[in-house]
Amino acid sequence: MEKDNKYSTDDIATTLNVSIRTAQRYVENLVNKGIGKSFFERDVFDLIISRHSNDNQTTEDDTEIITDYFTPDQYEEFRKRLIEYPMLKKHIEGLQSEIEYHKNQYKNLMHLHKEFIQMHQTALNNTTQRNWIEAKEKRLDNGL
């Protein structure tokens, strides 16, 4: 149960023979939060003051500490996600590079396609003009 003089809500639940959620509520009830303030029972207040007196470090950080409780399965899943995060981030960066590559390929192909269309249009115009010239030379344009 004891782990470096620290206990979990699982330890409380086991010792008191209650559910983990009930143990979590016991811990949550140690601090009553109001708007912008927290309220403590006297014994919790004395414990905090006593611990602070024994601790050489003081924190002047105004950020709120957010605690959340995990079941062992939830914690294991969370731990896995933390381990996977760097790999997934690297994979996403690789995919983004691939997307940029394909965008550039698409732009190049569109440019080539436009040139191909223009080249065919020029060939069609030349053929039409050539046919007209041949018809003129053979005097086939009189009926036109």
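Mentor: Let us begin with a term: a helix here is a DSSP run of H or I with at least four residues, and helices are numbered from the N terminus. Please keep in mind that this is a predicted model.

Trainee: How many residues apart are R79 and E76, and in which helix?

Mentor: They are three residues apart in helix α4, and therefore about one helical turn separates R79 from E76.

Trainee: Why is R79 called partly exposed?

Mentor: Buried means under 20% relative accessible area and exposed means over 50%, with partly exposed in between. R79 has 34% relative accessibility, so it counts as partly exposed, and E76, with a relative accessible area of 30%, is partly exposed as well.

Trainee: How do you know that E134 and R130 form a salt bridge, and which label of exposure does R130 receive?

Mentor: The closest N and O atoms of E134 and R130 are 3.6 Å apart, which is within 4 Å, so the pair qualifies as a salt bridge. E134 and R130 lie four residues apart in helix α4, about one helical turn from each other. R130 has a relative accessible area of 57%, and because the cut-off for exposed is over 50%, R130 is exposed. E134, by contrast, is partly exposed at 32%. Elsewhere, salt bridges with shared partners join E77, R81 and E84 into one network.

Trainee: What makes R81 and E77 a salt bridge?

Mentor: The side chains of R81 and E77 meet at 2.5 Å, N to O, and because the limit is 4 Å, the pair counts. By this rule the count for the model comes to six salt bridges.

Trainee: Why can F45 belong to a nonpolar patch on the surface?

Mentor: A patch residue needs over 30% relative accessible area and no salt bridge. F45 has a relative accessible area of 39%, so it passes the area cut-off. F40, F45, I48 and I49 form the patch, with about 350 Å² of accessible area together, and helix α3, residues 42-54, gives the most to it, with three residues.

Notes. Residues are numbered from 1 along each chain as its sequence is written. This is a predicted model: local features need pLDDT of at least 70, side-chain atom pairs count only at pLDDT 80 or more; totals for chains, interfaces and linings use all residues. Side-chain values use heavy atoms; hydrogens and water are left out. Patches are made of residues with over 30% relative accessible area and no salt bridge: like charges are joined within 9 Å, nonpolar side chains (Val, Leu, Ile, Met, Phe, Trp, Tyr) within 5 Å. Accessible areas come from the Shrake-Rupley method with a 1.4 Å probe; for residues, only the protein chains shown count as cover. Helices (H or I, at least four residues) and strands (E, at least two) are DSSP runs, numbered from the N terminus. Buried means under 20% relative accessible area, exposed over 50%, partly exposed in between (1.4 Å probe, protein chains only).
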